[in-house]
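Please read them with the coordinates open.

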Amino acid sequence: MKELKQAYSSIRRRYTPTGVFLSAAGTVVLMALASAALPGPLQTLTNHLSSSIISHFGWYYLLLVSAIVVLCLFFILTPMGRIRLGNPGSKPEYSRLSWLAMLFSAGMGIGLVFFGAAEPLSHFAVATPQAEPGSQEALADALRYTFFHWGIHAWAIYAVVALALAYFKFRKKEPSLLSMTLKPLFGRTMERFPGKLVDYVCIITTALGVATTLGFGAAQIGSGLQYLVQVPNTLQLQLGIIAAATILFLLSAVSGVDKGVRILSNINIALAVFLVAAALFLGPTVHILNTLVDTLGSYLQNFVRMSFRTGAFNAVRQEWIEQWTIFYWAWWLSWSPFVGMFIARISKGRTIREFLTCVLLIPTLFSFLWFSVFGILASETYSVYPQIAQMPSEQVLFGILQAYPASTALSVITVLLLFIFFITSADSATFVLSMLSEKGSLVPHDSVKIVWGLLVSLIAGLLLTIGGLAALQNAMIIAAFPFSFIVILMMIALYIELSHEQREMGLYIKPETYPPKNAPFRSYEENS
């Protein structure tokens, strides 16, 4: 608390707000006030706009995200992957475990808990991608599409934004701003108004995402407490959760990435591994593992087909794809400025190949295990208690745990995991907002973190009070559309600059040393 008071007392003395910060913060506040004053009309308008974007530009999102995946694979497989995010010879700042824990917590942690059981259950029993609801074919499709929505495509979106930011910051010594990644295309123009407009859009999408996460996270934590101690999940409880979390994530934020976020992220991973291991052991273990392997094969086999599937010849399937796949692609794009900025901040010193391989594969594989475990638990519970499919998404996981041994202990761990994920996500986002507000500074002032932390918490509380979270969620989807064009330009600029550096460094696919004639390299002789 002493740290918070010291930082708060120095706001005016230590920091002069930038124009980008003032305009972005003002826009976010105006949007929140508009939601409070006109919740019905605003939700109707944002519903219409977000639905129109998803229905008319679904093909565009599928092509864009597929192109992002291809570009990431290209960088991994070509000599460009040897380029380091920093000076030649620089070393990573964090261990690989801490690094993966932080990027996973910021990227998807709380979402996995929220949707880990609810999404497979919905695809299986409520609205299936293709097969008859409740059938074994529907269960296979449900898990395959859940893998698809939370797998390589999602992390590729985060990875390409994070890579561009890390490369231009640590390799090219530019400020840590999205606008600076476009310099190969527009030069010093990005230091003036066009660049500030890009950063403005970035701050808006990040702030909206944080406020939405705080609101939905508070609702699920409230549901967990309702199951555990029979406390009604009221608005007052949810506001109290936001208030408590705000104090904790601000304390974490002012302690810095090295302490707050790193320590909490490591705790998150430990709790998540324990929870999924316990659920795997208590559930039908062999069936879960068989399902994981089978679904992984089905996912890889149908990878390309799912990537380009629009449902053009079936209106029902097209509607499902728009409501789920296209919505998710827009959702991940809207989150990419925040998650990408944070991942970039913690990735100095790693090669592009290591960076992309780890970001694409490690969180993806853990997500597959998570959804296999809780997806099968959900389907098994549904076969006995079909009414579980009608529960709100934030309650499904707790309802499923009630059907298994040690349900109370697992529910306690789940609530604790949710709360810490909640704090780390808000902490990371507050850090990113502060960086953007201070022209890309890697060490933003504590006072700025407090301003942003309080602002997004107040907005989340206000929208929970008047029921405006849906409008804010729609606003994120709307903001993702113009941001998608920034991502395209960022990909082109990144390729241009990496190609230039490849030529300058002489990086080509050819051996550096050949073995002497009739004297092949033998590891077993060299080590003997």
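**Notes on the predicted model**

1. The structure, which is a predicted model, holds zero disulfides. C202 is in no disulfide, and the nearest cysteine sulfur, that of C72, is 18 Å away. C358 is likewise in no disulfide; the nearest cysteine sulfur to C358 is again that of C72, at 13 Å.

2. C202 has a relative accessible area of 0% and is buried. C358 is buried too, with a relative accessible area of 11%. Both values count as buried because the limit is under 20% relative accessible area.

3. Overall fold. The protein has 23 helices and zero strands. Its radius of gyration is 23 Å, close to the 24 Å that the globule rule gives for 528 residues, so the protein is as compact as a globular protein of that length. Taken along the principal axes, the C-alpha atoms fill a box of roughly 70 × 65 × 50 Å.

4. Of the 528 residues, 58% count as buried. The protein exposes about 21,600 Å², and carbon and sulfur atoms supply 64% of that area. Among contacts with a separation of 6 or more, residues 24 or more positions apart account for 83%.

5. Aromatic pairs. How many aromatic pairs does the structure hold? The count is 32 aromatic pairs. One of them is formed by Y60 and F485, a stacked pair with 5.5 Å centre to centre and 25° between the planes. Y60 lies in helix α5 (residues 58–77) and F485 in helix α22 (residues 469–505), so this pair ties together parts that are 425 residues apart in sequence. Y60 is buried, with a relative accessible area of 11%, whereas F485 counts as partly exposed at 40% relative accessibility.

6. The ring centres of W370 and F374 are 4.8 Å apart and the planes are at 45°, so the pair is tilted. The limits behind that label are under 30 degrees for stacked and over 60 for edge-to-face, so an angle between them falls in the tilted class. W370 and F374 both lie in helix α18 (residues 352–384), four residues apart, or about one turn of the helix. W370 is buried, with a relative accessible area of 2%, and F374 is buried at 1%.

7. A charge over a ring. Which ring does the charged end of R350 sit over? The ring is that of W99, and the charged end of R350 is 4.2 Å from its centre.

8. Backbone angles to check. Most residues other than glycine have a negative phi. K173, although not a glycine, has a positive phi of about 60°. K173 is found in the loop between α10 (152–171) and α11 (183–186). A406 is not a glycine either, and its phi is positive at about 55°. The loop between α19 (393–401) and α20 (407–437) holds A406. With 47% relative accessibility, A406 counts as partly exposed.

9. Is S334 buried or exposed? S334 is buried, with a relative accessible area of 1%. S334 lies in helix α17 (residues 315–345). Once its neighbours within four places in sequence are left aside, S334 is in contact with T205, M476 and A480.

10. A211 and L464. Although A211 and L464 are 253 residues apart in sequence, their C-alpha atoms are 10.0 Å apart in space.

Notes:
Residues numbered from 1 in each chain as written. Predicted model: local features only at pLDDT ≥ 70, side-chain atom pairs only at ≥ 80, totals over all residues. Heavy atoms only, no water. Helix = DSSP H or I, 4+ residues; strand = E, 2+ residues; numbered from the N terminus. Buried < 20%, exposed > 50% of the residue type's maximum accessible area, 1.4 Å probe, protein only. Contact = heavy atoms within 4.5 Å. Disulfide = S-S within 2.5 Å. Phe/Tyr/Trp six-rings, centres within 6.5 Å; stacked < 30°, edge-to-face > 60°. Lys NZ or Arg CZ within 6 Å of the ring centre and 35° of its normal. Rg over C-alpha atoms; globule rule 2.2 N^0.38 Å. Areas by Shrake-Rupley, 256 points an atom, 1.4 Å probe, with all protein chains shown as cover.
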